[in-house]
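Here's a quick briefing on charged side chains and how they pair up. Have a look at the structure, then read on.

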Amino acid sequence: SFKYVLYTHLSAAGRSLDARRRAGACGLMALTETSDGLLVFGKRSQYVGAFPGHYHCVPAGNVDEPDLKVILQKELEEEIGVSWDLVQRCELLALMDTGPEQGHKYEYVFTLKLKISADEVYRRYQSAEDKKEHDAFLFVGRSARVAASSVPQVSSKEFLSRYVMTDVARRSLKLFEARTVHCRVHAQAVQSVGLWQQ
């Protein structure tokens, strides 16, 4: 049961168990990027069992069925009110160990690119089915502000240095940024040697 997962991965007594005796828990989350380039993070509410007050990737959930896409679809709809037809791209970024904070359970980390803006995501969140999971949403971008958007937002530098978030969300954001920079540098190098095809 989920209570056993909470015990074996999030309590002091459970974390002292040998890893082989813990529940075989696995989570899933997505770094969700809006069409205007902002990432969506939710501040976990006081009603959730783990990490209230921490920012975490949205959507996120437990792997409770074999088809990960079905879980992502369900969580995206519940937490943000966004249907799967508004997802432009979905990619697996990593399978990460959550570290000691969550008892070393595994977490599939996806990236989702949406077809809609941060303003539209925020509007949909306001009427989402599962409003008790998050107290607030925050949109994170590479620069300080996206002028055309009125949603609550910060730069990734400020977010990483000033906000409380789960460790796996922090490491995932850093990995996402490193991959994005690497891809941009690679594209510039290819273009500079004349291999880029328009």
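## Salt bridges at a glance

Glutamate 158 is partly exposed, with 26% relative accessible area. That's a handy place to start in this predicted model, which holds 10 salt bridges. Side chains of opposite charge can pair when their charged atoms come close.

**The pair in helix H5**
- Glutamate 158 teams up with arginine 162 in a salt bridge, and their closest N and O atoms sit 2.9 Å apart.
- Both residues belong to helix H5 (residues 156–162), where they are 4 residues apart, or about one turn of the helix.
- Arginine 162 has a relative accessible area of 63%, so it counts as exposed.

**The pair in helix H6**
- Arginine 171 makes a salt bridge with aspartate 167, with 2.9 Å between the closest N and O atoms.
- About one helical turn separates arginine 171 from aspartate 167, because they are 4 residues apart in helix H6 (residues 167–192).
- Arginine 171 comes in at 28% relative accessibility, which makes it partly exposed.
- Aspartate 167 is partly exposed too, at 27% relative accessible area.

**The network around lysine 74**
- Elsewhere, salt bridges with shared partners tie Asp64, Lys74 and Glu75 into one network.
- Within that trio, the side chains of lysine 74 and glutamate 75 meet in a salt bridge at 3.4 Å, N to O.
- Lysine 74, at 34% relative accessibility, is partly exposed.

Conventions
Residues are numbered from 1 along each chain as its sequence is written. This is a predicted model: local features need pLDDT of at least 70, side-chain atom pairs count only at pLDDT 80 or more; totals for chains, interfaces and linings use all residues. Side-chain values use heavy atoms; hydrogens and water are left out. A salt bridge is a side-chain nitrogen of Lys or Arg within 4 Å of a carboxyl oxygen of Asp or Glu. Buried means under 20% relative accessible area, exposed over 50%, partly exposed in between (1.4 Å probe, protein chains only). Helices (H or I, at least four residues) and strands (E, at least two) are DSSP runs, numbered from the N terminus.
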